[in-house]
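Grab a pencil and work through these exercises with the structure open beside you. Try each task before you read its solution.

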Amino acid sequence: MPAPTYRLRPQGDRCLSIDFGDEISTDIGLLCLSAATTLGHAQLQGVTDIVPSYTAVALFYTPGKEFGGTDFRTLCAQVDQHLKVGLVQATTSAREVDIPVCYGGTHGPDLNDVAKKIGVTEQEVIRLHTSPGSMVFGLGFSPGHPYIGVHDPLFALPRRDVPRTAVPAGSVAIANRQSTIYPTLLPGGWHILGATPLKLFDLNRAQPSLLLPGDKVRFIPISEQEYDRLAAKRAEEAL
Amino acid sequence: MTMRVLKPGMLSSFQDQGRTGHQPLGVSVVGAMDQRAHQLANTLVGNLTDCASLEITLTGPTVEFTQACCIAICGADLSPSLNGKPIAMNRPLVVRAADALSFGARRRGTRAYLAVHGGFAIPDVLGSQSTYLRSHFGGWQGRALKKGDEIPLKRPLLTTGRDGAGLENLAQALWAIKLYLPGAIAESTRARVRLIKGLQWEEFTAESRDALLTQPYRISPDSERMGYRLQGPDILMIKPRQMISEATTFGTIQVPAGGQPIVLMADRQTTGGYPKIAYVATIDLPLLAQMGPGDNVQFELVSLEAAQALDITRTRAFIELAQALSTVRTLLINH
């Protein structure tokens with residue numbers, strides 16, 4: 001990938017953010033993921049966390065070169081040096097992850113409402129939501145909590161006026177052309193289309209998070225029976 | 001060898017320097033709210049690596065030790081006492097089998113830190129012993145202490161040390177050591193918390209920026225480990241706009257549309273999408289962490305370079321203190 005344009009910005013005295021744009025798009029998201037991968041490979045001294053989001057990459061660091069840390073200026077120079085060379089393309093290492101989803105019914109209380117709001121049938125909502133090309137932009141809010149996009153412009157719905165105080169674990173929900181999946185029971189204002197029986201975050205796995213930044217995601221529609229079967233299988237495995 | 005919890009206190013949880021390295025997975029850093037006091041307590045008991053200390057909030061617990069060990073208490077003065085007798089803070093102390101540590105009136109500050117020599121024997125989860133209260137993992141069973149908990153300790157003290165010395169000799173030898181805390185790690189007495197401007201600083205109205213630097217803001221009752229909600233003159237953008245979610249930091253001052261700022265603290269979520277006017281300098285986060293609901297906070301600006309220089313001075317002072325305390329470590333390790 002060619003050298004990108006970006007802006008460097010301090011976020012306080014222990015974080016440097018790199019801005020790649022100011023809109024949510026697959027291109028900018030890929031740029032962020034690729035920059036995060038590139039800078040991760042560079043193993044910069046003093047950097048403890050590299051966090052990609054929709055339009056930015058945050059580098060968390062410890063100040064003090066004499067203690068194995070760094071400082072803002074040094075880090076800026078290193079970022080320039082590494083990004084100038086060109087980016088390691090994040091897509092080349094992207095995994096493809098299938099997410100089975102039981103749409104509608106008790107698992108997807110907002111499916112009907114979303115269909116009405118955008119003026120298509122429930123089947124069409126499912127078809128659009130399961131169409132390929134979705135990517136994990138990043139994880140946030142809680143452990144293993146993905147932000148997936150960018151969906152068809154029809155899904156440009158704002159969040160619900162009144163957020164729910166408790167959204168069940170596994171709920172797959174949309175807002176602003178994105179999907180999220182709630183890893184645990186959490187409050188939330190997105191429109192719930194369905195639920196997956198998969199566990200999004202599990203400390204018993206070598207990689208606790210089911211999804212990682214840059215993963216390509218495919219939602220696969222499943223029946224309620226299949227959901228129950230997979231959920232039961234998971235419960236059995238947990239014993 | 002355990003520390004038995006007779007009374008849990010208001011909110012007592014194990015915290016260390018934080019769970020870094022997993023923010024890209026949405027895992028919050030958490031860790032001690034007052035990193036200065038946490039690190040000082042650890043250093044005073046001769047721990048060379050970061051071990052979780054018990055973060056004690058406002059109303060302290062009552063705990064009983066089943067075997068002798070060396071402890072230190074730093075941070076808020078919550079009137080600590082051993083078997084009913086007041087004890088010194090900011091010093092390594094020997095406690096004996098069956099001694100009960102309790103806390104009383106809050107004299108100053110919000111959070112006290114209890115460290116033990118060798119550390120508490122609690123597992124590492126994703127590289128840290130910190131309790132992630134909201135996600136229920138890390139620390140002791142992923143939660144705050146409860147009555148009846150028995151927390152194992154890694155390195156209790158023998159009644160008679162390997163060098164033949166009794167506990168009384170060890171206690172006296174420790175007490176005789178002169179401790180000098182350099183200014184960089186002594187508790188801050190500053191009146192104002194220092195801020196570094198955010199990129200959006202100029203996007204806020206002149207009145208808002210002026211208010212933030214001249215008016216007191218009250219810390220609201222619902223402020224806790226995740227964030228401090230401030231009450232005071234509204235902080236407004238010249239042209240309000242939606243922001244795209246991105247990584248957050250310890251000390252980010254974000255401003256929701258209502259205009260009342262929130263300072264993100266140790267348990268902050270990894271990402272957030274509100275406009276950010278400024279960031280609390282790391283050097284002053286301990287000062288803020290020791291303030292609590294009802295307290296007034298006042299701010300002033302500091303440059304990024306100056307903030308980093310102060311941060312580095314503190315880190316260096318801790319390294320020097322650890323070196324100066326090598327006698328404490330030798331006494332404890334040889335015992």
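Before we start, one definition: a residue counts as buried if 20 or more other C-beta atoms lie within 10 Å of its own. Keep in mind, too, that this is a predicted model.

**Exercise 1. A covered helix**

Task: Find helix H1 of chain B and work out how many of its residues are buried.

Solution: 
Step 1. Locate the helix: H1 of chain B spans residues 35–44.
Step 2. Apply the cut-off to each residue.
Step 3. Look at who is on the list. Among the buried residues of H1(B) are B:Arg36, B:His38, B:Leu40 and B:Asn42.
Step 4. Ask what does the covering. The cover includes strands S2 (12–15), S3 (53–57), S5 and S10, plus helices H4 (285–289) and H5, each of them in chain B.
Step 5. Check what comes after the helix. H1(B) is followed by B:Gly46, which has a positive phi, near 80°.

**Exercise 2. A strand with two partners**

Task: Take strand S3 of chain B. Why can we call S3(B) largely enclosed, and how does S3(B) pair with S2(B) and with S10(B)?

Solution: 
Step 1. Count the buried residues. Five of the five residues of S3(B) are buried, so the rest of the structure largely encloses this strand.
Step 2. Recall a general point: strands of a sheet pair through backbone hydrogen bonds, either parallel or antiparallel.
Step 3. Go to one partner. S2(B) and S3(B) are antiparallel and share four bridges, and B:Ser13 has B:Glu55 as its bridge partner.
Step 4. Go to the other partner. S3(B) pairs with S10(B) in the antiparallel sense as well, over four bridges. Here B:Glu55 faces B:Tyr113 of S10(B).

**Exercise 3. Chain B as a whole**

Task: Does the radius of gyration of chain B agree or disagree with that of a compact globule?

Solution: 
Step 1. For 335 residues, a compact globule would have a radius of gyration near 20 Å.
Step 2. Compare. Chain B comes out at 21 Å, which agrees.
Step 3. Along the principal axes, the C-alpha atoms of chain B fill a box of roughly 75 × 35 × 35 Å.
Step 4. Chain B contains six helices and 20 strands, and 49% of its 335 residues are buried.
Step 5. See how far contacts reach along the sequence. Take the contacts in chain B between residues at least 6 apart in sequence: 76% of them join residues at least 24 apart.

**Exercise 4. Domains in both chains**

Solution: 
Step 1. Start with chain B. Domain 1 is made of 2–179 + 315–334, and domain 2 covers 192–302.
Step 2. Count the contact. Domain 1 of chain B brings 19 residues and domain 2 of chain B brings 14.
Step 3. Find the contributors on the domain 1 side. H1 (35–44), S5 (69–77) and S10 (108–116) of chain B are the elements that give two or more residues. By class, this side has seven nonpolar, eight polar and four charged residues.
Step 4. Move to chain A. Its domain 1 is 7–92 and its domain 2 is 94–238, with C-alpha centres 29 Å apart. Eleven residues of domain 1 of chain A meet eight of domain 2 of chain A. On the domain 1 side, helix H1 (residues 26–42) of chain A gives the largest share, four residues.

Definitions and conventions: Residues numbered from 1 in each chain as written. Chains lettered and ligands numbered in written order. Predicted model: local features only at pLDDT ≥ 70, side-chain atom pairs only at ≥ 80, totals over all residues. Domains from an automatic or database assignment. Contact = placed C-beta atoms within 7 Å. Nonpolar A, V, L, I, M, F, W, Y, C, P; charged D, E, K, R; others polar. Rg over C-alpha atoms; globule rule 2.2 N^0.38 Å. Buried ≥ 20, exposed ≤ 12 C-beta atoms within 10 Å, placed from the backbone. Pairing = 2+ DSSP bridges.
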